[in-house]
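Hi,

Here is the structure I promised to pass on.

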Amino acid sequence: MNFDTRKYVIISFIVVVGFIYTSRLFYMQVIDDSWALRAQQIAEKRKEISPPRGPVYDRHGKKIVSNRTYYNLMMVEADMKDFDTLAFAKLIGWTKEKVKARFREIVKGEGKYKNRHTGKTTSNYQKVRPYPFIKEMTLDEIANIAAHLEEFPGFYEEVTSMRSYTYANGANIFGYLSEVYREEIEADHFYKAGDNMGRAGIERFYEKDLRGQKGIRYIVTSALNNDVESYMEGKYDTIAKQGPNMNLGIDIELQAYGEKLLKGKRGCVVAIEPATGEILALISAPSFDPNLLVGKRNISRNYPSLARDPQKPLYPRPLAAQYPPGSIFKLLQSLIALQEGVITPESGFPCNKSMVGCHDHPSAGNLPDAIKFSCNPYYYAVTKRIIQQGKDRNNFIDAEIGLNIWAKYMKSFGLGYKYDTDITGLTTGSIPDSKYYDKWYGHHRWAFSTIRSISIGQGEIQLTPLQMANVGAMIANKGWFYTPHFVKSIGKNGPLEQFKKRHVTMVDPKHFDVIHEGMRRVVYVDGGTGRQARLKDITVCGKTGTVQNKPKKDHAVFLAFAPMHNPKISIVVFIENAGFGGTWAAPIAGLMIEKYLKGTVTDTVKEKRMLDAVLY
Amino acid sequence: MRKGEKITTNIDWPLFSVYIILMLMGLATVYSTAYNVDSPNLFDYSQKYGKQVVWLLISLFLGLLVLLIDADIYRKFATPIYIFTLILLVIVLFMPAKNGARAWLGIGTLGIQPAEFAKIGTSLLLARYISSVNIKLQNLQTVLMANVIILIPMVLILLQPDAGTFVVFTSFLFVMYREGITYDPLVLKFVNLIPGIKFKQTWVGSHFIPIMFAVVFLCISTLLVSNNIITFDFMPNVKIPGFAGVVTSLILLALLSLFFLRYIGSKRDRKNALIIVIIGFTLCITIASSVNFLFQGMASHQKDRIELFLGLREDPDGEDYNRNRAMAAVGSGRFLGKGYNKASVSSVESNHVPESETDFIFCPFAEEWGFLGTFILVCLYMFMLFRIIMIAERQRSRFVRVYAYTVAMILFYHFAVNIGMDIGFAPVIGIPLPFFSYGGSSMMSFSMFMFILLKLDSQRSYILQ
């Protein structure tokens, strides 16, 4: 029998195996990349090098936020040998039980991982991985320990950097950093467990700039998790870049001085440079030292007491608190009335206390005097003319038209909306329009008499102190403003685009001179309400306000800018429950203006009186 | 050697060249895999590559000796050589165990694996037995005798235990198949037990070996990929069960066979071949589907046991460590590879792939050279196998032909199993990649195989028996 044909069976066997293997190799090596990914998981370690955050400078180039080096005491259980718990506890100054408890905590807690797909929570703890045993130790703390760490294999120190504040001021401006949550890590792969992230203030708003660029090293690791070499000789590695320098408009000396003046008081001060919209100082009282919230250890120690404090130091009053503006609002009513042509600078109204109350003063015969006296009946009459312009025979319809015109002006002054700016935690304030009152009273069911309290800045009107300060800047500029903001520049970039846009109001510049004159009289003419803000060489224009806060004591407000010609600073001082605006708010504004423009304060008696006052 | 002839006369140069190329490629891979920064010299005997150079030189020297000796002795002394290797296999059983197996004969680090040389002894005796006068592989007695020749070393090797080499010995069945062995008498006995059936001859019986192997190969491949899920980059949501890959491959193979049918000469043969392809395809699909269905329907502990048996899992806790690492290394090579000496998963230093310079040497090669390299390597082995079969078929001596087939089939086995376990197609059995893996015994025994074949072939004009 001839079996030669059987060779073809064998040959085809070999051909088939060769064909299948080639296709399989093509699939595994070219089409499907899951094996390549698996190889990465197995053999490559992506080592991230966290850069220090960008430092922050004030407007005069003073470094106000920098970084300080701290040390983590790391442990790798797999490397430990003959671990002597007692000796180790003695070295770090703990009890033996505390050391053991910390071990349990790390094994259970630090490695805990919830698998999103299975929903199972498993301990991801691995003996070969490093975990921080003690976090954020200072050089002094680690120095004694580090010298003896050789006796404890498996322990080593690791350098990290954390924020450090040169001045104990501006906590509400900077915000603070805290450890990222797992959800945040999943949302942004920049972060890994243990990294910090900006939580409030400019640290949060400029997080992506300040954090810098991470350096990444790809390392080939062995089956025992040792580093073998750089992957592909460092071809894909990148260098860590520190965050860029950031320059603020803040004058840290002014900020510090303001915080000092407001000790023992509850309230806030906001100062803006009118020509640029840069915030010079933003003080929330009571304040706290930003160094209190640096690092996990400090936060867990200090945050609870700050949060529990009845004076609410964590609450950023200048941005978030909304108050009725009180009498400083009369400046805006005057501007609208002038622009609408319903009064002239020479208009006089009697101080008729039948509709609204007033303090004792002679009737104002013209507008500047009305500002000087802060006459309530005068503004009742002025606002009535704005709202009820007689554009419709129906009184209710007329009021609706008038109020909406009024609200439009207010909006052009930068009120009733949230600024598009680099300040986190802003609130909107409230400027009522016809829809607002329709909701309360019904359509065409209200007229000026219903809503008359808006004429003196009470009632439904609410402004944040930041908005009040910006009103001051707008008046100082005679009808325009830049959105108030903190940051002048980051690295090579100037201010954000939206800060370069000039917002022009609906009021003609020519109407502002008479307002300026009125504000001057408030400070410099006898009978003016803001005489306490008077300075010798600098003409201060101001306006007092006393915000009713029944049943508690009134809030004191003072709005000012200076100098009168070519204004450099606009400031609002808001002291809660301090009574009359002229008594407490005006002198603080005067002191701060002098401090900012001159660098020193001449009236030390007044200064001492303000420093010593405790108003809560 | 006849007078006046040079040693190089009638040597098959293509085969010799591909042998040398594979050995040099292997040496280069061993060098890059076991590379030690502190002693980069290739000839440093303290390093594995230095040792491999020595093995290589010894192998070539042994090869030279083989070429100098007249080829007649292999037929004449086939039985003594076979018995000698059997004795070695017995002796090795009394040696101290190393890595759980008594496979090594020798002192210290220097040693040989008798099992490697037992392959040569068995090949020669089998060739001699089959080529004896008055031998017909259709006789049941002859078939049994041939099987006994194979079975004795197999049993001894299993006692070591060395599962890999044990499996390799089944390659001799293919050789016997080529020489006309039939299991029909056995099959008929069973088939005719069924009442109402009286066959005189069955197709399955005469082609029992390739059919059995095709079925085993199909079953194992199906099991290995059954739990896999195929996904693609560009369609991340589409998940195809691994079984679909088996079906696709079968369909492609059937289409390929249909394409080649047209080259079959006579119309009748073509018709027969078409019927075989259709029946074969239907059977393959049926077998693969039932294996897949049965496996998927099993309880998880039963699955575990099967996966364990297939080497899919080293141990129930280790979750398929070796194969997983090996496949990751192969896959990470991508199309062009990472470049020479840049293997990161399978270098000895990182040690993710165990035994990466011996049994898993394909991994660092695939990682460094990518699909381009592995494709060329597969082609080189294919070329070598076809060349040996060509050489076998041109012999007038049945002895040489049988011997040549044993060489081809043993190499084919090593190739298929070794690479198969790196790509998830074969169970993890530790056998070396011929001429490539680090190791003296395999290097020397494969070289001896090769040179004996070259010598026998060079004398084909006057070896008639």
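Q458(A) touches P324(A), G326(A), S453(A), T546(A), V547(A) and Q548(A), leaving aside residues up to four places away in sequence (contact meaning heavy atoms within 4.5 Å). The residue sits in the loop between helix 17 (434-441) and helix 18 (465-476) of chain A; helices (H or I, at least four residues) and strands (E, at least two) are DSSP runs, numbered from the N terminus. With a relative accessibility of 9%, Q458(A) counts as buried, where buried is under 20% relative accessible area, exposed over 50% and partly exposed in between (1.4 Å probe, protein chains only).

Before you read on, some housekeeping: this is a predicted model, so local features need pLDDT of at least 70 and side-chain atom pairs count only at pLDDT 80 or more, while totals for chains, interfaces and linings use all residues. Residues are numbered from 1 along each chain as its sequence is written, chains are lettered from A and ligands numbered from 1 in the order in which they are written, and side-chain values use heavy atoms, with hydrogens and water left out.

Now the sheet in chain A. Five strands make an open sheet in the order 14-13-20-19-18, with antiparallel pairing (two strands pair if DSSP finds at least two bridges between them). Strand 14 (278-285) and strand 18 (541-547) of chain A are at the edges with a single partner strand each, so one side of each has no neighbour in the sheet. From one strand to the next the twist averages 10°; axes are lines fitted to C-alpha atoms, for helices over the stretch in contact, and angles run from 0 to 180 degrees between N-to-C directions. Helix 20 (residues 581-598) of chain A packs on this sheet and touches strand 13, strand 14, strand 18, strand 19 (555-562) and strand 20 (569-575) of chain A. The direction of helix 20 makes about 145° with that of strand 20 of chain A.

Going through the pairs, strand 13 (residues 267-273) of chain A is joined to strand 14 of chain A by seven bridges, antiparallel, and V270(A) stands opposite L282(A) in strand 14. Strand 18 and strand 19 of chain A also run antiparallel, with seven bridges; here V547(A) has H555(A) in strand 19 as its bridge partner. Seven bridges link strand 19 to strand 20 of chain A, again antiparallel, and A562(A) has I569(A) in strand 20 as its bridge partner. Strands 19 and 20 of chain A form a hairpin with six residues between them, and N566(A) in the turn has a positive phi of about 60°.

How many residues of strand 19 of chain A are buried? Eight of the eight, so the strand is largely enclosed by the rest of the structure. H555(A), V557(A), L559(A) and F561(A) point one way from strand 19 of chain A, with A556(A), F558(A), A560(A) and A562(A) pointing the other way.

As for chain A overall, it has 21 helices and 20 strands. Its radius of gyration is 33 Å, whereas a compact globule of 616 residues would come out near 25 Å (taken over C-alpha atoms; the globule rule is 2.2 Å times the number of residues to the power 0.38). The C-alpha trace of chain A spans about 130 × 70 × 40 Å along its principal axes, and 55% of the 616 residues count as buried.

Chain B has 18 helices and four strands. Its radius of gyration is 23 Å, close to the 23 Å that the globule rule gives for 465 residues, so chain B is as compact as a globular protein of that length. Along the principal axes, the C-alpha trace of chain B spans about 60 × 60 × 50 Å, and 52% of the 465 residues count as buried.

A78(B) belongs to helix 4 (residues 78-92) of chain B and is buried, at a relative accessible area of 0%. A78(B) touches I73(B), L124(B), L125(B) and R128(B), not counting residues up to four places away in sequence. In helix 13 of chain B, the buried residues include A273(B), V277(B), A288(B), V291(B), N292(B) and F295(B).

Cheers
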